[in-house]
Amino acid sequence: MKEIDPIEEELAQAGEVSPVSPLVVKLDKCRIMSDTEVPAEDFLLRLYGKPCFPRRDLSTVTGTEKCGKTFFTSMLMACCAEKNVLELERISDEPLKVMWYDTEQSRQSTKSILTDRVFKLAHLTESDIDSNFFVFNVRACTYQERMDYLVAGIEAYKPDMVIIDNVSDLLSSINDQEESARVIDQLMQLSTEHDCNITIVILLNRTGEKRSLRGWLGTEILHKAFDVYYCQQIEKTDVFCVEQTFTRKYRIMEKLCYKIDENGLPQITAMPDFQSRDSNGQYKTNKPEAYQIKSDTADRFNQKYLIHNDGNARQPWEWDLGMLFGDALSQYPSLTLEALQNQVMQLSGIKQPKYYDKVFSLAVDRRVVQTTMDKNGRVVAILTSLPS
């Protein structure tokens with residue numbers, strides 16, 4: 001007697017079988033259930049003791065031009081070979097493979113950074129480092145070639161960390177929404193399929209606001225990156241600073257501050273103290289200038305948008321930024337920066353554009369407004385909090 005398949009018997013008892021579409025079959029492979037086996041989170045490095053730069057995900061390094069981005073990525077590369085570099089620590093006992101994909105600098109600069117900076121930070125000889133470092137200068141290639149070569153390189157060398165400097169050079173326009181999404185999707189797929197971290201370098205928008213990455217590409221990166229690190233040179237000093245501005249998990253509160261020594265290598269230093277003393281030896285306030293104006297000048301402005309701090313001689317008044325920018329944007333989902341400036345200056349009574357810039361910077365720092373890119377590629381401001 002033929003043995004009955006239990007599954008066939010169950011289907012027969014259930015009656016007519018409903019077919020499952022091919023798309024649902026593929027979708028089911030993406031389903032997460034309580035018993036789904038997924039790999040544990042795996043981080044490559046620690047910064048100030050906190051895990052960062054995870055496998056199977058994207059990390060981002062940003063900042064303005066000449067602000068220390070390549071110095072920071074040099075530290076990351078060196079830490080993949082040396083257990084500790086400044087405040088960075090490699091988590092695994094074994095050295096990590098690194099692929100540095102340089103799209104911007106000359107071949108001479110790439111070689112110099114590798115031998116004169118990364119080698120020395122990692123205390124390695126040339127023969128040691130070449131076995132785990134795969135460094136490519138693709139500045140002379142087209143953007144299509146750069147992406148094709150990148151995919152081929154990751155598949156061939158199987159690095160643990162990939163650093164792309166600069167990711168903007170992998171596509172024809174950073175303001176093309178579809179192309180930006182395609183590039184970031186492809187990088188996410190590569191990081192997942194090849195069990196690596198991909199760290200991408202991108203410039204800030206020209207506003208300089210540290211959460212505003214350049215173009216639609218920057219918007220896509222902010223949506224998808226696991227963690228973001230902002231690099232800057234402290235104004236009027238020789239100190240560089242790295243700050244984590246976004247993470248999906250481990251918040252790093254400390255800022256990494258360093259100087260460049262006589263050998264061209266970074267060394268830890270303290271954040272500069274700009275606080276000066278007055279004629280009586282008392283410390284002056286470090287508050288932004290928009291908060292330091294004397295009370296008699298407040299009469300120049302629309303009182304509706306001022307908060308008076310009675311009894312506070314050091315800060316007798318301040319701007320009600322939520323109300324001011326809320327009113328300016330109340331009739332619009334977004335405004336170009338020029339249009340917003342005109343609205344705010346008209347409402348507030350501010351006459352000097354430079355003074356408006358200070359007030360706008362305060363509003364951005366307090367997350368009252370933020371800058372982004374509209375569908376036409378223009379930098380615009382949107383309201384991020386309700387007026388108080």
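Ser74 counts as buried because its relative accessibility is 0%, where buried means under 20% relative accessible area, exposed over 50%, and partly exposed in between (1.4 Å probe, protein chains only). This residue belongs to helix α3; helices (H or I, at least four residues) and strands (E, at least two) are DSSP runs, numbered from the N terminus. The structure is a predicted model, in which local features need pLDDT of at least 70 and side-chain atom pairs count only at pLDDT 80 or more, while totals for chains, interfaces and linings use all residues. Residues are numbered from 1 along each chain as its sequence is written, and side-chain values use heavy atoms, with hydrogens and water left out.

**Helix α3**

- Burial extends along the helix, since 13 of the 13 residues of α3 are buried.

**Strand β3 and its partners**

- Strand β3 spans residues 57-63 and is mostly covered, with six of its seven residues buried.
- Strand β9 (residues 197-203) pairs with β3 in the parallel sense over seven bridges; two strands pair if DSSP finds at least two bridges between them.
- Opposite Thr60 stands Ile200 in β9.
- Strand β10 (residues 227-233) also pairs with β3 in the parallel sense, over five bridges.
- Ser59 has Asp227 in β10 as its bridge partner.

**The open sheet of three strands**

- An open sheet is formed by three strands in the order β16-β18-β17, with antiparallel pairing.
- Its edge strands are β16 (335-336) and β17 (369-373), each of which pairs on one side only.
- Two bridges join β16 to strand β18 (residues 379-383) in the antiparallel sense.
- Leu335 has Ala381 as its bridge partner in β18.

**Salt bridges**

- The whole structure contains 14 salt bridges, each defined as a side-chain nitrogen of Lys or Arg within 4 Å of a carboxyl oxygen of Asp or Glu.
- One of them joins the side chains of Arg55 and Asp160, at 2.9 Å from N to O.
- Arg55 lies in the loop between β2 (50-54) and β3, and Asp160 in the loop between α6 and β8 (161-165), so this pair ties together parts that are 105 residues apart in sequence.
- Arg55 counts as buried at 14% relative accessibility, and Asp160 is buried with a relative accessible area of 15%.
- Arg55 and Asp160 are also linked with Asp42 in a network of salt bridges.
- Another salt bridge brings together the side chains of Arg56 and Asp195, at 2.4 Å from N to O.
- Arg56 lies in the loop between β2 and β3, and Asp195 in the loop between α7 (177-193) and β9, so the pair ties together parts that are 139 residues apart in sequence.
- Arg56 is partly exposed, with a relative accessible area of 22%, and Asp195 counts as partly exposed at 32%.
- Arg214 forms a salt bridge with Glu65, where the closest N and O atoms are 3.9 Å apart.
- Because Arg214 lies in the loop between β9 and α8 (215-224) and Glu65 in the loop between β3 and α3, this pair ties together parts that are 149 residues apart in sequence.
- Arg214 is buried, with a relative accessible area of 15%, whereas Glu65 is partly exposed, with a relative accessible area of 48%.

**Valine residues on the surface and in a loop**

- Val20, Val24 and Val25 form a nonpolar patch on the surface, with about 240 Å² of accessible area together.
- Patches are made of residues with over 30% relative accessible area and no salt bridge, with like charges joined within 9 Å and nonpolar side chains (Val, Leu, Ile, Met, Phe, Trp, Tyr) within 5 Å.
- Accessible areas come from the Shrake-Rupley method with a 1.4 Å probe, and for residues only the protein chains shown count as cover.
- Val25 is found in helix α2 (residues 22-28) and counts as partly exposed at 42% relative accessibility.
- Val138 is found in the loop between β7 (133-137) and α6 (143-157), and is buried, with a relative accessible area of 6%.
- The C-alpha atoms of Val138 and Asp102 are separated by 6.2 Å, although the two residues are 36 residues apart along the chain.
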